[in-house]
Amino acid sequence: MLSRICRSQLRRFHHSPIFLMKRKLCDFSSPTPPSDNKPEQPQAPVHPEAQASDPAKRQAIRATTPPVIIAARNRRQAVMTDSAVLTDQSIPLNAVEAQLKGLLVDVAEYINKSQEAAEGEKEGKNVNEPVILRWAGGWVRDKLLGAESNDIDVAINNMTGEAFALRLRDYCDADPAHRERHSIGPADVGNLHKIARNPDKSKHLETTTIKLFGLDVDLVNLRKETYTEDSRHPQVEFGTAEEDALRRDATVNALFYNLHTGKVEDFTGGMKDMERKLIRTPLEPLQTFMDDPLRVLRLIRFACRLGFTIDEETKAVMGDERVLEALKLKISRERVGVELEKMLKGPDPFSSLTYINNLSLYYTLFTDSSRSDFPRPPLTSWPIAYQTLHSLSTTLATPGSIYSILVTSPESAYFAWNLAALVPFANLPDDPPLKGGKPAPPLATQAAREGYRAPNKLTDVITASHKNRTAILAMRDLVVRPASGDEGKKMERDRLGMAIREWDSRPGAGANWRLQVLYAVLVDVAERTTGQGKETVEDVLKEWQAFLDHLVEMDLLDAPSVKRIIDGKELAKVLGVKPGKWMGQALEVVMAWQLRNPMVSDPEGAVEEVRKRKKELGIE
């Protein structure tokens, strides 16, 4: 769903509010929520300095304003033609959003009128204000881009999300007319779910989630975050709308839609950055990234998802050694993995890996941070590998092509980009065996498992791709450029089919031989198109296409899923012997016979083949 929205954004941009705002063709007004034409609540206050008319008062206010706020306002004014926080920009709401807006605004008024009850529930520096509601962040951004969103974050100026949600339920239950007024059906107001604060998962403040009219609504108070140098867990407190905007990762994610005015509020210059398709931090970039280094990865993800570019000043700091060290030490590998997964599953994984390479992030992400001696592979030829995968998955992805044969599902597409990311480890020597003689996992597997907590299913594919690459290359050569005297071997269906089954089953079931071949392709291209005697990418790919075409011709793509014509128990019964250790090898003989005789359904020929080899198989 996400990628479909992203792909459609460029087509829809010329119909989006932000484009129409630039052309000043019309004024979008939100559909009127069900109401009785009651007067609107007071609009959200702007910061006092902007309201003060007397220069002396402005100077006095400015003297008490925190330096970080002043710096952020200066950054904002540098990209804005004026300093207005409250814009004239409206957002067109669909029917359900208008229904939700009407309900929330009425609940806020209901709370404001219940002054005695509300006094005990209001908190923070805005306690003397009426309840003001804003939709925040991603919903505002996506709507301005012309994209729909089913997730809405509601920012409340002086109540916790839980307190507001409880009053919302009170409002719905207080008078049947309230439900009728907003057309609230039995299933339109879901259960409340309180999500506790969990700093280790980057959840710094508890939120309350509720399903309203089919939309996922998160309720949370406006907040201010203060970081200390030695911790990535901020001190969180109630904040103003401006403070809440400044704590966000990018200006385009820091916009608010004020439910009472029906207008967008911009404290950081996000509207201008939307027009310029620019990713920029609300605060000075170094402070932003040192406060929470994970924002480096988040900005890459948003840039690639939205098709925006990252501001040069911001980009220059993303690769700063201090930021990279903080990212390695302060951020859990699970959080790194979540961001990397979203990048590689997003609409532009190629640009994601390009940013990672250009910003010198590779050794920070693909590593085992618990090992000071973890190898750093050379990256000189790495761009060729992920550029090749990009070409294979886009312009070269035709029926019967390398990509269409080897990548058969969204999951395998995600795994393919993981493999492309790990190509630099292909030729590094393995670690010494573990205690007891067990082979150490390949370095690529360790980088994925420890660097970003890749799941076992993915690490099994990575391990198999590393271990079987030499055998895959040998089979490719046997088919495409056989040695003298081996020309006929490529027609031995059992030789090829049994090899494919072997690749697919080891080191574990689901090792996905197709992705292993793709990994071999990417490494081969990276190696043969650089250095002395380099070849062209096209020439290397032609060989792999010929190899796969031969497998298609031999009808071997589904060799791992071929069921045995006879099982072990039945085979033992026919041979008149007891089941034993011999059965595993004997069943392999049966499968090889099947691959040589694909049109035969009678198992007698396979049984006879086993009889001929009884002594070799240890059958007594």
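This is a predicted model: local features need pLDDT of at least 70, side-chain atom pairs count only at pLDDT 80 or more; totals for chains, interfaces and linings use all residues.

User: Why is Cys172 called buried?

Analyst: Buried means under 20% relative accessible area. Cys172 has 3%, so the residue is buried.

User: What makes Cys304 buried or exposed?

Analyst: The value for Cys304 is 8% relative accessible area, and the cut-off for buried is under 20%, so Cys304 is buried.

User: Why is helix H29 described as largely enclosed by the rest of the structure?

Analyst: Of its 15 residues, 11 are buried, so H29 is largely enclosed. The buried residues include Trp582, Met583, Val590 and Trp593. Among the elements that cover them are helix H25 (493-505) and helix H30 (604-612).

User: How do you know that the span of H29 is close to the expected one?

Analyst: Helix H29 (residues 582-596) reaches 22 Å from its first C-alpha to its last, against 21 Å expected at 1.5 Å a residue.

User: Which residues have the most contacts inside the largest nonpolar core?

Analyst: They are Phe164 and Phe366, in a core of 143 residues. Helix H26 (residues 513-528) gives the largest share of this core, 11 residues. Another core, of 17 residues, lies apart from it and includes Leu571 and Val590.

User: What is Phe366 in contact with, leaving aside neighbours within four places in sequence?

Analyst: Contact means heavy atoms within 4.5 Å. The partners of Phe366 include Leu340, Ile356, Phe374 and Tyr452.

Conventions. Residues are numbered from 1 along each chain as its sequence is written. Side-chain values use heavy atoms; hydrogens and water are left out. Helices (H or I, at least four residues) and strands (E, at least two) are DSSP runs, numbered from the N terminus. The expected span of a helix is 1.5 Å times one less than its number of residues. Buried means under 20% relative accessible area, exposed over 50%, partly exposed in between (1.4 Å probe, protein chains only). A nonpolar core is a set of buried Ala, Val, Leu, Ile, Met, Phe, Trp, Tyr and Cys residues joined through side-chain atoms within 4.5 Å.
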